[in-house]
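Dear colleague,

Please find below the structure that I am handing over to you. A summary of the findings follows it.

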Amino acid sequence: MTTVGIPRALLYYQYYPMWKTFFEHLGAEVVVSPPTTRKTLTEGASRVVADTCLPAKVFVGHTVSLVGKCDCIFIPVIRSLKSKTYNCSKFLGLPDMTRAVVPEAPPILEIEIDINRGKRRLYQDIYKLGRHFTWNPLKVKEAATAAWQSLLDYRELMYRRELILPQAMEEITGESQTGLNMILKSQTVPPTTIGLIGHAYLLYDEHINYQLIRRLQQYDATVVTPEMLPGNIIEASVNKLAGKAYWTYEEEVVGAGGHFLESGVDGIIGIMAFGCGPDSLMMDMVHRHATRQKTTPFMCLTLEEHTSETGVITRLEAFMDMIHRRKQKGEAVCV
Amino acid sequence: MGNLYVPCRAVLEQLGVDYVIPPVNSQRTLSLGSRYSPEGLCIPFKMTLGNMIEAAELGANTLLVPGGYGICRLGYYTRVQEQILHNLGYDIEIIQLGVSERKFLGMMDIIKRVSNDSPWRRILSAFRFGLSKLNAVDQIERIVQKVRPVELIPGTANQLYTRAVQAIDNADDYDTLKRVKADYLGQLKHVAINEQARPLIVGVTGEFYVVLEPFSSFDIERELGKLGVEVRRATFISGWTKFSLFLNPFGINEKSRIHKAAYPYLKRDIGGDGWESVGEKVLHAKEYDGLIHLAPFTCMPEIIAENIMPSTKEQMPVLTILCDEQIAKAGVLTRLEAFVDLLERKRRKQNDQLRVTV
């Protein structure tokens with residue numbers, strides 16, 4: 001039986017249930033690399049040039065940790081999921097970059113998803129991926145349908161039942177993620193709602209964001225994430241804030257940001273990686289709107305491997321203090 | 001960007017459009033641009049924003065900017081820049097030349113719009129005149145690249161080049177243009193050169209903007225010329241217009257050779273010029289002594305290229321220089337000198353080995 005390795009980084013968070021279903025239907029075994037640790041990050045950072053972004057370094061680190069544990073590694077290339085949108089070069093060059101910097105890696109399974117090339121081409125690409133496991137197109141089709149269904153279920157869990165991504169993942173795959181539901185201690189502060197915006201690979205990787213969600217829950221804050229919003233709302237606010245969508249994965253920043261600005265959350269925290277191309281533009285867009293609107297506090301945390309935990313905590317504490325004070329005073333305008 | 005202003009001025013002048021050309025890129029342009037840009041953006045964004053502000057100061061109310069879908073972040077820049085300009089209080093409209101989607105026709109439509117509906121005949125002839133100016137400038141630049149490292153009196157070629165660009169810029173009709181071009185080509189031919197010299201050949205590749213805009217890369221080509229190195233570069237604006245505007249829609253792609261070379265290491269277009277950078281290294285590994293890879297700091301496609309380059313089978317020394325507003329000229333020069341020393345030593349070693357075997 002073939003073992004397919006999946007690095008626990010980048011698109012893993014959004015698509016793992018789908019990939020798992022697909023490969024398991026085709027009779028393969030799926031291995032995921034263990035959660036990010038300091039070692040993963042150091043290993044990844046030592047392989048690539050210094051100005052590669054943090055999530056890509058984490059990705060390389062995870063790939064290295066999969067070497068020897070699987071027969072092939074699955075790295076999809078996602079160019080666009082909607083017509084005329086475009087993705088960051090890092091996603092497009094991911095398999096090639098990995099091959100170049102991790103020469104000892106097992107063969108890489110690639111699939112290029114580009115809606116602009118038409119449905120037919122998409123189906124062909126999916127079949128080509130399935131060909132590694134079976135010659136039977138019907139079996140591939142069945143696997144793909146099941147995979148699609150599990151993705152829909154997964155998303156539904158998040159936006160209907162408002163589960164935070166790792167909880168949803170746990171429920172659907174039955175694999176324990178790190179214990180996000182464990183709340184350390186509650187403090188006596190007024191309950192708040194905090195909107196988090198940013199890519200899933202930053203929001204839910206507890207090592208690189210210093211357990212941000214858990215820390216927020218300690219403050220008795222209800223965390224709302226971009227995955228909890230239905231697609232049409234996100235799309236509407238993308239159009240409002242940034243004009244026609246240009247990026248494949250930026251709706252989770254602009255779309256969610258735009259929605260949170262209007263839906264009356266108590267504060268918004270944006271998380272981006274240093275040197276992230278799309279985010280440098282889109283986070284700025286949200287920031288600009290928040291500044292103009294002057295009603296919702298907005299804080300942007302930029303992460304890189306030199307970010308210190310204390311720095312993040314201090315900023316988070318100050319931000320939460322500000323929100324609590326504001327809540328107690330009942331001010332409408334943030335100063 | 002580079003000498004692009006020459007043909008643009010020609011087109012707009014012929015059409016009688018009221019235009020301003022922002023001042024040549026300077027430290028002020030860069031400071032203005034980086035002060036108002038989000039910090040994580042690359043130097044082309046900051047420079048062009050600086051240009052826009054300077055143009056607005058001169059009273060421009062419409063800006064023409066090339067851009068479009070699918071070319072890294074660049075396709076999105078104008079939308080953000082427009083917002084920044086509005087926040088600064090400039091009432092300005094940005095027209096994006098959607099060159100990557102509609103090629104020549106899209107560009108023509110927009111030229112027609114800004115020229116207050118001039119007749120097509122006039123637009124086309126103006127455009128043709130602009131193109132021939134562009135070709136003339138690039139032709140002269142190619143010769144200058146060859147003369148620079150071997151001239152006996154340093155600086156001659158550079159002087160001629162500056163004068164030639166100015167003369168071409170001033171030429172009003174085809175006759176003058178032709179005369180000026182022939183004149184300078186002749187003068188360049190007669191520059192005293194060292195016939196015996198076998199200069200090192202270094203390729204310059206990387207991101208379009210920093211390669212073509214001397215200010216952002218500290219005029220790296222001139223500096224290399226001073227060190228006695230011949231520069232080869234595949235990116236010229238005239239080449240780009242020729243293929244992107246006219247031939248690509250017919251399926252002729254000058255880059256297919258480069259893409260084919262890069263294919264074993266990078267299988268697809270990753271936006272920007274990343275694919276080409278890898279391809280150039282593979283393609284010219286035997287021909288060049290070394291390669292200088294220019295990229296703006298935080299440029300996404302070039303980072304991927306930079307990661308892939310060292311792993312190619314075709315070996316060639318590559319020096320990656322990241323350009324941003326923090327970079328210092330002395331630092332770049334030191335690195336260039338060290339790189340050239342390294343290449344010289346490598347060549348000497350190869351020659352010694354040859355002698356031994358003979």
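Two strands are taken as paired if DSSP finds at least two bridges between them. Helices (H or I, at least four residues) and strands (E, at least two) are DSSP runs, numbered from the N terminus. The model is a predicted one, in which local features need pLDDT of at least 70 and side-chain atom pairs count only at pLDDT 80 or more, while totals for chains, interfaces and linings use all residues. Residues are numbered from 1 along each chain as its sequence is written, chains are lettered from A and ligands numbered from 1 in the order in which they are written, and side-chain values use heavy atoms, with hydrogens and water left out.

Chain A

In chain A, strand β3 (residues 72-80) runs parallel to β4(A), and 7 bridges join the two. Within this pairing, A:S80 has A:D114 of β4(A) as its bridge partner. Both strands belong to an open sheet of 4 strands with parallel pairing, ordered β2-β1-β3-β4. At its edges are β2 (29-32) and β4 (108-114) of chain A, each of which pairs on one side only. From one strand to the next, the twist averages 30°; axes here are lines fitted to C-alpha atoms, for helices over the stretch in contact, and angles run from 0 to 180 degrees between N-to-C directions.

Two helices lie across this sheet, contact being defined as heavy atoms within 4.5 Å. Helix α1 (residues 12-25) of chain A lies across β1 (3-6), β2, β3 and β4 of chain A and runs at about 155° to β2(A). Helix α5 (residues 94-101) of chain A lies across β3 and β4 of chain A, at about 155° to β4(A).

Over all chains, the count comes to 34 salt bridges.

Chain B

Chain B likewise has an open sheet of 4 strands with parallel pairing, in the order β4-β3-β5-β6. Its edge strands are β4 (229-233) and β6 (318-323) of chain B, each pairing on one side only. The twist averages 25° from one strand to the next. Strand β3 (residues 200-206) of chain B pairs with β4(B) in the parallel sense over 5 bridges, and B:V204 has B:R233 of β4(B) as its bridge partner. Helix α13 (residues 274-284) of chain B lies across β3, β5 (290-296) and β6 of chain B, running at about 160° to β3(B).

The interface

Between the chains, 42 residues of chain A are in contact with 38 residues of chain B. The area buried between chain A and chain B (accessible area, 1.4 Å probe, that two parts lose on being put together, summed over both) is about 3,300 Å², and carbon and sulfur atoms give 57% of it. In chain A, A:D51, A:Y246 and A:L281 lose the most area to chain B, together 19% of what that side buries.

There are 3 salt bridges between chain A and chain B. The side chains of B:R268 and A:E112 meet in a salt bridge at 2.7 Å, N to O. On the side of chain A that touches chain B, α13(A) gives the largest share, 10 residues.

Yours sincerely

Notes
A salt bridge is a side-chain nitrogen of Lys or Arg within 4 Å of a carboxyl oxygen of Asp or Glu.
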